[in-house]
Amino acid sequence: MKKYAIVIIISIFLLSCDQKSKVKLTQDIPLPHDPATSNCTVGKYGGTLVIASAGEPKTFNPIMCNESSSSDVISRMCEGLTTINNKTQKVTNQGLAKSWKVSKDGKCWTFNLRKGIYWSDGHPFTADDVIFTFKVIYDPKIHPATVDSLIVNGKKFKVEKIDNYTVKITTPTIYAPFLRVISLAIIPKHKFEKSYQEGNFESAYSVNTKPENMAWIGSFKLEKFLPAQKTVLVRNPYYFKIDKKRNRLPYLDRIVFVAVPDFNAVSMNFLAGETDLIDSIRSEDYAPIKAAEKKGNYTIYKINYGLGSSFLWFNLRTDKNPKTSKYYVNPIKSKWFTNVEFRQALSHAIDQKSIIDTIFLGMGYQRWGIDSPAAKIWYNPDIKKYPFSLKKSEQLLTKAGFIKKDNILYDSKGNRVEFTLFTNSENDVRIKIANLIKHDYQKLGVTMHINPVDFNSLVSKINDTFDYEACLLGLGGGDIDPVSHMNVLKSSGFTHLWWPKQKKPATLWEAEIDELMDKQLTTLEFKKRREIYNKVQEIIMNNCPMLYLPGRTLYLAAKNKIGNIKPTVLEHRLLWNQEELYFRDQ
Amino acid sequence: MDSRKKRFWKYFKKNKIALIGGGILVILYLSSIFAGLIAPYGVNNLRTDLCFHSLSKIHFYDIEKKAISFPFIYSTKLVTHKYQRKYQEDYKQKVYLKFFTKGDSYKLLGFVPCNIHLFGVEEPYRIYLLGADRFGRDIFTRLLYGSQISLSIGLVGISITVTLGMIFGGLAGYYGGLVDTLLMRFCELLMSFPGLYLIMALRATVPPTVPSTYMYLLTVVVLALVHWPGRARVIRGQVLSLREQEYVIAAKACGMSDIRIILRHILPNTFSYIIVSATLAIPGYILGETILSYLNVGIQEPQSSWGLMLREAQNIAFWNQYPWILWPGFLIFITVLAFNFFGDGLRDALDPKREK
């Protein structure tokens, strides 16, 4: 009942949106000297794209945002020096730099910025903004999450201004994914400098900042933010991209993110025709949405493999907490967890097919390894896989010295094998998966307790207190390049989940991965780099620090009246080419 | 006393709705006691290949032989019809029902080990009287096992509430003065706790290795602890007037001890109120359990309770595709109504004014 009420309220409020003013096409602003040209189908101006979103922005600061409900909105309004074309998954020069040159030694990059382009408040964009952005990112007091991929072997890039429209960036060593990582959002110096100098950069561009006081360089700018209601973006009249007929992009007048309480409401709004696209259809919503495809005049797109992954891992720490001088993990259990055969046995005991059948209602794929098959150029199909087999799992456990008596598994010293798995209580799917795994493990004689806790306390367990035995979580997929796995794979990494921020690799295989990951970063030749990374994937799967769980088949939907829709697997699956989207004549 | 009982029956029997309510409750509680026997499967008997299987149709008429036959079901296979997953009957394969068949082991009445089930079919076929849930577990079975928790939670809870209410209310009302003030302020203190948050906080402190059964008991106790002050206040009010009655003064004059007077002369006079209010309060506990399980702080999988089962129905997309997941909601509705009708009937029959 409540949900219907919410839908009614939303629809009333959407109706009221129709009375909005037409956005003026400010053709009087001259086109930039060096515009970027899109070769999309020429569209027509006007229209508001409405999207329902179950979260809402917590900040509008492009550097400080670290969760998707903020970054989904912010990235609509930002641009980097380079951009990644989601469709081809390659770097293009459609960003703020129109061209670049690399020196012979492969370390020194010179970027030529576009001339005559402006921030949304009319302030000119120059090399100073780029220099300022890097200064902020490298500031140890701010330390944003993105900085990890911008540091090689502990050294920063050297960023210099040659003139107003030329920037030189020198990397400490050859850095293969350089052009990808440099696609980060550039921020306006004239807006952020004051708060940066006053030491409160983190709170700049907050949700309370007036939109008039913000400047953006992307195709849209913030018009208004109404907490718990909606976020409205309006076209940026200064945007630097044009179409084949030299019309200034974007075509759309506005993009509205309507805040809704949960994913039920997201799909109901779409079914009711109140939103124009849906970024991810849950398995349970697929049937009703697919059934109404013709009537609702929209198209469902299928993406076989997503980039994100979910997995189960054991706390592999063997050291003591220096404060309490107690072991983080009970040494008896630690002995099981650090035994590779134990981990492999438990991986064999996960019935991925039954998870797909029940949790994803048959719409999923069995997943092995850190890379999704969607990352075509990196995925290694020859890695070791752990198909469901209780027999294999029992063999491995016997080999590792475990004994099964009366349907209960004991280790060689007679300790009963049981442990507690943590997962986040907000995510019903994960709890259900955990229950299925528990059922599978029971057949092995392993008792697994499940403890759902809220996400924040889970994160503090994983990152700070380390007082857990096993955990089930997922990682969203950002980019396809191996550099996006750096912080997971390297033993010193912040998200090296099973034992983060190690001073020295705890095991030989972790040391080997460290070495290979550093090596692939400095290998420019793709074939060689791929070879090295294939090896990394193999080592991971042989040692099984993460027990992989199946992934969901992605379904997206967009109304047929929207032109230039190009769904992709990379994040912002439907909105990545927002400036090209337009409403067709009906 | 005997005539009073007769009169009560006379009035109660006249109230047909209350009788129906009572009858439903008897059936529900009986089936909950014999859940293991009636249910064809164990509470956590998964069949992941039969996810959201629809209701099995029991056939009594054999089309081929054109004759009435021993009850049977057809085997089913998964088909996708208009993008919806459906289990279609395969008319070639008949599966006859078996009565008093062997299956999952359970404990009859909680202590007699047993593996006889009232009915069932040969594996690998399954009979789903009320459909299957996401994991292919029989909803009928889980409803029965769930009723053990959902229905008993009210009884356990209300007995704690009433006991505490009578003790505190009786003492406060009878002695008055400082005792009254202290006890009643304490009650108010407890009443001002937001119960739901108290439970959630408690839940977080309980280690995960604690079995779900203890969690269940803890939930009931907390629910009861939050609810008793209200009851205590009403009883106190009644005791306040009762203690001025002549028979109480007479008892006092005879030198009876205070405790005896409270137990023998005062509290029995509040019984009719307590019985009625307890009956009417039980649905509150059943709904309370539903809310807690819905918020994932009550009973945990793989145990079953109606609230937990209803959690799956949070997803509106399922209502249309698999409407049978709403069964627990329907049962809660029926139970709450039955309790209210029954309680109403009790109140009418016990009402002293009716005797005129």
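## A hairpin in chain B

Two strands are said to pair if DSSP finds at least two bridges between them. In this predicted model, strand E4 (residues 98-108) and strand E5 (residues 112-120) of chain B meet that condition, pairing in the antiparallel sense over 7 bridges. One of the residues involved is Tyr106(B), whose bridge partner in E5(B) is Cys114(B). E4(B) and E5(B) form a hairpin with 3 residues between them, and in the turn Leu109(B) has a positive phi of about 55°.

## Chain B as a whole

The secondary structure of chain B comes to 13 helices and 5 strands, and the C-alpha atoms of this chain fill a box of roughly 85 × 50 × 40 Å when taken along the principal axes. Of the 356 residues in chain B, 38% are buried. Among the contacts in chain B that link residues at least 6 apart in sequence, 66% join residues at least 24 apart.

The domain assignment divides chain B into domain 1 (2-33 + 143-355) and domain 2 (49-137), and the centres of domain 1 and domain 2 of chain B, taken over C-alpha atoms, are separated by 38 Å. Where these two domains meet, 8 residues of domain 1 of chain B are in contact with 8 residues of domain 2 of chain B. On the side that belongs to domain 1 of chain B, the residues divide into 6 nonpolar, 1 polar and 1 charged.

## The domains of chain A

For chain A, the domain assignment gives domain 1 (2-303 + 555-583) and domain 2 (309-551), with C-alpha centres that lie 34 Å apart. The contact between them takes 20 residues from domain 1 of chain A and 20 residues from domain 2 of chain A. On the side of domain 1 of chain A, the elements that give two or more residues are helix H4 (178-181) and H7 of chain A, and the largest share, 3 residues, comes from H7(A). That side of domain 1 of chain A divides into 9 nonpolar, 7 polar and 4 charged residues.

In soluble globular proteins, nonpolar side chains tend to be buried together. The largest nonpolar core here has 160 residues, of which Trp313(A), Leu421(A) and Ala557(A) touch the most other members. Helix H12(A) gives the most to this core, with 6 residues. Because domain 1 (2-303 + 555-583) and domain 2 (309-551) of chain A both give residues to this core, it lies between them.

When neighbours within four places in sequence are left aside, Trp313(A) is in contact with Ala470(A), Cys471(A), Leu497(A), Trp498(A), Pro545(A), Met546(A) and Leu547(A). A second, separate core of 75 residues includes Tyr128(B), Leu143(B), Leu183(B) and Leu310(B).

## Two sheets in chain A

One open sheet of chain A has 4 strands in the order E2-E14-E12-E11, with mixed pairing. Strand E2 (48-53) and strand E11 (220-226) of chain A stand at its edges, each with a single partner strand, so one side of each is left without a neighbour in the sheet. Neighbouring strands of this sheet are turned by 20° against each other on average, direction ignored. Within this sheet, strand E12 (residues 230-235) and strand E14 (residues 254-259) of chain A run antiparallel and are joined by 5 bridges, and Lys230(A) stands opposite Val258(A) in E14(A).

Another open sheet of 4 strands in chain A has the order E5-E6-E10-E9, with antiparallel pairing. Its edge strands are strand E5 (97-102) and strand E9 (158-163) of chain A, each of which pairs on one side only. E9(A) pairs with strand E10 (residues 166-170) of chain A in the antiparallel sense over 5 bridges, and Lys161(A) stands opposite Val167(A) in E10(A). Helix H3 (residues 127-137) of chain A lies across strand E6 (108-113), E9 and E10 of chain A, running at about 165° to E9(A).

## Where the chains meet

Between the two chains, 22 residues of chain A are in contact with 21 residues of chain B. The elements that give two or more residues to the chain A side are helix H6 (263-271), helix H7 (283-291), helix H10 (352-358), helix H12 (428-444) and strand E24 (447-453) of chain A. The largest share of that side, 6 residues, comes from H7(A). The residues on the side of chain A that touches chain B divide into 7 nonpolar, 10 polar and 5 charged.

Definitions and conventions:
Residues are numbered from 1 along each chain as its sequence is written. Chains are lettered from A and ligands numbered from 1 in the order in which they are written. This is a predicted model: local features need pLDDT of at least 70, side-chain atom pairs count only at pLDDT 80 or more; totals for chains, interfaces and linings use all residues. Two residues are in contact if their C-beta atoms, placed from the backbone, lie within 7 Å. Ala, Val, Leu, Ile, Met, Phe, Trp, Tyr, Cys and Pro count as nonpolar, Asp, Glu, Lys and Arg as charged, and the others, Gly among them, as polar. Domain bounds come from an automatic or database domain assignment. A nonpolar core is a set of buried Ala, Val, Leu, Ile, Met, Phe, Trp, Tyr and Cys residues joined through C-beta atoms within 7 Å. A residue is buried if 20 or more other C-beta atoms lie within 10 Å of its own, exposed if 12 or fewer, and partly exposed in between; C-beta atoms are placed from the backbone. Axes are lines fitted to C-alpha atoms, for helices over the stretch in contact, and angles run from 0 to 180 degrees between N-to-C directions.
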